[in-house]
Amino acid sequence: MPTVVFEDGALGPAVTAEAGAGRLIDVCDDARAPIVFSCRDARCATCRVEVVEGEQLLEPPARGERDLLERLGAPPQLRLACQAVLRAGPGLIRLRGVVGREG
């Protein structure tokens, strides 16, 4: 079971959660993570997170997420929390919320 750490930032204090395989958005909701959401379906990119550590614990981006991130010119360490899917298994994934329009 991966441990998900949401680093503190402008959106709130750090939060740590234990999570099984599944959607990152559900972990964010359950843990009240400091991540902003709007559309929740890969249209607005409000929920961008920087994967600081543990990217191997996430499934590769699906087409909708990949397309939007490419249009934004986002670097590979950015993901959409509404679309990212956690893999099962032990490990640590550290995320940082991205605020504003920077890619």
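**Ground rules.** I number residues from 1 along each chain as its sequence is written, and side-chain values use heavy atoms, with hydrogens and water left out. As the model is predicted, local features need pLDDT of at least 70 and side-chain atom pairs count only at pLDDT 80 or more, while totals for chains, interfaces and linings use all residues.

**Overall.** I looked up the secondary structure and got two helices and seven strands. Helices (H or I, at least four residues) and strands (E, at least two) are DSSP runs, numbered from the N terminus. Along the sequence I read the pattern β-β-β-α-β-α-β-β-β. The radius of gyration, taken over C-alpha atoms, is 12 Å, close to the 13 Å of the globule rule for 103 residues, so the chain is as compact as a globular protein of that length. That rule is 2.2 Å times the number of residues to the power 0.38. The C-alpha atoms fill a box of roughly 35 × 30 × 20 Å along the principal axes.

**Sheet.** I then traced the open sheet of five strands, ordered β2-β1-β7-β4-β5 with mixed pairing. Two strands pair if DSSP finds at least two bridges between them. β2 and β5 are at the edges with a single partner strand each, so one side of each has no neighbour in the sheet. From one strand to the next the twist averages 30°. I found β1 and β7 paired in the parallel sense over five bridges; Thr3 has Leu92 in β7 as its bridge partner.

**Helices on the sheet.** α1 touches β1, β2, β4 and β7, and its direction makes about 65° with that of β1. α2 lies across β4 and β5 and runs at about 130° to β5. Axes are lines fitted to C-alpha atoms, for helices over the stretch in contact (heavy atoms within 4.5 Å). Angles run from 0 to 180 degrees between N-to-C directions.

**Core.** Last, I checked the largest nonpolar core, which has 32 residues. Such a core is a set of buried Ala, Val, Leu, Ile, Met, Phe, Trp, Tyr and Cys residues joined through side-chain atoms within 4.5 Å. Buried means under 20% relative accessible area with a 1.4 Å probe, protein chains only. Val4, Phe6, Leu24 and Ile35 have the most contacts inside this core. α1 gives the most to it, with five residues. Not counting residues up to four places away in sequence, Ile35 touches Phe6, Leu11, Cys28, Cys47, Val49, Ala81 and Gly97. Of the 103 residues, 41% count as buried.

Terms used. Buried means under 20% relative accessible area, exposed over 50%, partly exposed in between (1.4 Å probe, protein chains only).
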